[in-house]
Amino acid sequence: MKPATDIDPRIRRTRRMLHQAFFELLAEKDFEAITVQDITERSTLNRATFYDHFPDKYALLDDIIGGSFGQIFEERMKDKSSSCPEGMKQLLLAVCDFLAGHVSQCQEHQRQFAPLVEARIKTVVREFLLVGLRTQDLSEADAELRAAIASWAICGAAMEWNRKRSMPPDVLAESVLSLVGSALWEGGTAYDKNV
């Protein structure tokens with residue numbers, strides 16, 4: 001994930017205008033009713049500029065979700081490794097933070113956005129896990145499979161937690177990581193708290 005500070009200021013400004021227009025329109029009508037034309041008119045940008053940045057409104061929404069989750073992810077994951085228990089716990093807590101804060105703010109649109117949110121979270125989690133798995137003595141195929149299994153488990157558990165909120169997020173993190181650790185590391189040895 002490229003940090004926002006590495007993006008040209010003009011690109012950041014244009015995307016900010018498109019994001020703002022999208023949110024304003026979303027307050028007025030259903031996502032499916034919003035068109036690229038609506039977004040460009042509201043943002044005072046032309047369609048060519050929109051298409052220079054995004055192929056469609058779904059990509060714009062994905063960028064918004066990615067940016068929001070990316071901020072929380074970066075804050076939680078500073079100097080954390082995907083191959084240590086604390087890094088894994090912070091990863092799951094970042095997902096919980098995002099779901100609790102940002103998804104719950106858009107309750108009326110949550111059902112529409114859930115698949116996009118889930119896909120984006122799984123991608124970020126999977127990529128983070130792959131970094132740690134590639135340092136182990138695993139084939140690329142094995143590392144990919146383990147990262148996929150763990151990202152689905154982490155995302156699914158966090159989404160279920162967000163629906164029910166039956167336990168504190170740190171308790172969820174401990175429970176999930178004790179289960180997911182064995183999928184990531186042979187016998188769960190890398191997740192052993194005594195390591």
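The following numbered points comment on a predicted model of one protein.

1. Overall composition. The predicted model is helical in its secondary structure, with 8 helices and 0 strands. Read from the N terminus, the order of elements is α-α-α-α-α-α-α-α. The protein has 195 residues, and 41% of them count as buried.

2. Surface and contact range. The accessible surface amounts to about 10,600 Å², and carbon and sulfur atoms account for 52% of that area. When contacts between residues at least 6 apart in sequence are considered, 61% of them connect residues at least 24 apart.

3. Geometry of α1 and α4. Two packed helices are described by the angle between their axes and the distance between the axes. For helix α1 (residues 9-28) and helix α4 (residues 57-77), the axes come within 11 Å and the crossing angle is roughly 105 degrees. Angles of 65 to 115 degrees count as roughly perpendicular, and α1 and α4 are therefore described as roughly perpendicular to each other.

4. Residues at the contact of α1 with α4. Helix α1 contributes R15, L18, H19, F22 and F23, which meet L60, L61, D63 and I64 of α4. By residue class, this contact comprises 6 nonpolar, 1 polar and 2 charged residues.

5. Aromatic pairs. The count of aromatic pairs in the model comes to 8. One of them is formed by F69 and F98, an edge-to-face pair with 5.4 Å centre to centre and 65 degrees between the planes. This pair links distant parts of the chain, since F69 belongs to helix α4 and F98 to helix α5 (residues 85-105), 29 residues apart. Both F69 and F98 are buried.

6. The pair of F73 and F128. These two residues also form an edge-to-face aromatic pair, with a centre-to-centre distance of 5.5 Å and 85 degrees between the planes. Distant parts of the chain are again linked: F73 is in helix α4 and F128 is in helix α6 (residues 110-133), 55 residues apart. Are F73 and F128 buried or exposed? The cut-off for buried is under 20% relative accessible area. F73 has 9% relative accessibility and therefore counts as buried. F128, with a relative accessible area of 13%, is buried as well.

7. Aromatic cluster. F22, F23, F31 and Y58 form one aromatic cluster. Among these residues, F22 and F23 also take part in the contact of α1 with α4.

8. Backbone at T44. Although T44 is not a glycine, its phi is positive, at about 65 degrees. T44 is located in the loop between α2 (36-43) and α3 (47-53). Exposed means over 50% relative accessible area, and T44, at 66%, is therefore exposed.

9. Backbone at R165. A positive phi, of about 50 degrees, is also found at R165, which is not a glycine. The residue R165 lies in the loop between α7 (140-164) and α8 (169-184). With a relative accessibility of 41%, R165 counts as partly exposed.

Key
Residues numbered from 1 in each chain as written. Predicted model: local features only at pLDDT ≥ 70, side-chain atom pairs only at ≥ 80, totals over all residues. Heavy atoms only, no water. Axes fitted to C-alpha atoms, helices over the stretch in contact; angles between N-to-C directions. Helix = DSSP H or I, 4+ residues; strand = E, 2+ residues; numbered from the N terminus. Parallel < 35°, antiparallel > 145°, perpendicular 65-115°, else oblique. Contact = heavy atoms within 4.5 Å. Nonpolar A, V, L, I, M, F, W, Y, C, P; charged D, E, K, R; others polar. Buried < 20%, exposed > 50% of the residue type's maximum accessible area, 1.4 Å probe, protein only. Areas by Shrake-Rupley, 256 points an atom, 1.4 Å probe, with all protein chains shown as cover. Phe/Tyr/Trp six-rings, centres within 6.5 Å; stacked < 30°, edge-to-face > 60°.
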